[in-house]
Amino acid sequence: MEKKKIEGFEHIRYERPQLSQEEMIQRSEHFYQEMDQRRTVREFDPRPVPLEVMENIILTASTAPSGAHKQPWTFCLISDPSIKKKIRDAAEEEEKISYSTRMPENWKADLKPLGTNWEKPFLEEAPYLI
Ligand SMILES: Cc1cc2nc3c(=O)[nH]c(=O)nc-3n(C[C@H](O)[C@H](O)[C@H](O)COP(=O)(O)O)c2cc1C
């Protein structure tokens, strides 16, 4: 594999796999089916999750592309119930203001079928917050 070196960076050449048209279509369909399983989660299982799993999730998030590869982020992993409560209280305070004064009626109408409101009990129920 040929690599181009630029001041501290090493470019990795992308080798396009040799696949038949049929296999490309099949793989893209499979990828779509998998991605279509993703859902917004609004209720969380309180059972514990190994810390290693959380670390791997954060490592996965850190693979996201960023401008000039500056990775301008900090991830905080929270399991302390008193901090989770503080976050819930702060989020609910803001959400109460949003629902009562910030959101126009059509926005609230769009949210209605989802059954969500200012309450965020999941912020205390989930074993971890990131
Ligand atoms: C920018 C953005 C804002 C969202 N705002 C809310 C929200 O205020 N309340 C809520 O319950 N879900 C919210 N969602 C989740 C969407 O309702 C959800 O993605 C959509 O209904 C499709 O469902 P799915 O994610 O399960 O496929 C938001 C999603 C995005 C991307």
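**Reading K84 and its surroundings**

Reply: The side chain of K84 comes to 3.4 Å from the backbone oxygen of P127, and since this is a predicted model, every such distance is a computed value. K84 itself belongs to helix α3.

Me: How many salt bridges does the structure hold, and which residue forms one with K85?

Reply: The structure holds 9 salt bridges. One of them pairs K85 with D89, whose closest N and O atoms are 2.9 Å apart; both residues lie in helix α3, 4 residues apart, which is about one turn of the helix. As to accessibility, K85 is partly exposed, with a relative accessible area of 40%, and D89 is likewise partly exposed, at 35%.

Me: Are E92 and R88 buried or exposed, and what is the spacing between them along the helix?

Reply: Both E92 and R88 are buried, and they too sit in helix α3, 4 residues apart, or about one turn of the helix. They form a salt bridge in which the closest N and O atoms are 2.9 Å apart.

Me: With which residue of another helix does R88 form a salt bridge?

Reply: R88 forms a salt bridge with E124, again with 2.9 Å between the closest N and O atoms. This pair links distant parts of the chain, as R88 is in helix α3 while E124 is in helix α5 (residues 122-125), 36 residues apart. E124 counts as partly exposed because its relative accessible area is 32%. When salt bridges share partners they can be read together, and here they join R88, E92 and E124 into one network.

Me: Turning to the ligand, which residues surround it?

Reply: A reading of a ligand site can start from the list of surrounding residues and then pass to individual atom pairs. The surrounding residues are R38, R39, T40, R42, L111, L114 and T116. Among them, R38 places a polar side-chain atom 2.9 Å from an oxygen atom of the ligand, T40 has a side-chain N or O atom 2.5 Å from a ligand oxygen, and for R42 the corresponding distance is 2.8 Å. Taken alone the ligand exposes 620 Å², of which the protein buries 44%.

Me: Finally, what is the phi of A68, and where is this residue placed?

Reply: The phi of A68 is near 55°, a positive value in a residue other than glycine. A68 is in the loop between α2 (51-61) and α3 (81-102), and it counts as exposed because its relative accessibility is 62%. Q71, found in the loop between α2 and α3, has a positive phi of about 45° although it is not a glycine. Q71 is partly exposed, with a relative accessible area of 32%.

Note on methods
Residues numbered from 1 in each chain as written. Predicted model: local features only at pLDDT ≥ 70, side-chain atom pairs only at ≥ 80, totals over all residues. Heavy atoms only, no water. Helix = DSSP H or I, 4+ residues; strand = E, 2+ residues; numbered from the N terminus. Buried < 20%, exposed > 50% of the residue type's maximum accessible area, 1.4 Å probe, protein only. Polar contact = N/O pair within 3.5 Å; in protein donor to acceptor, adjacent residues only side chain to side chain. Near = heavy atom within 4 Å. Areas by Shrake-Rupley, 256 points an atom, 1.4 Å probe, with all protein chains shown as cover. Salt bridge = Lys/Arg side-chain N within 4 Å of Asp/Glu carboxyl O.
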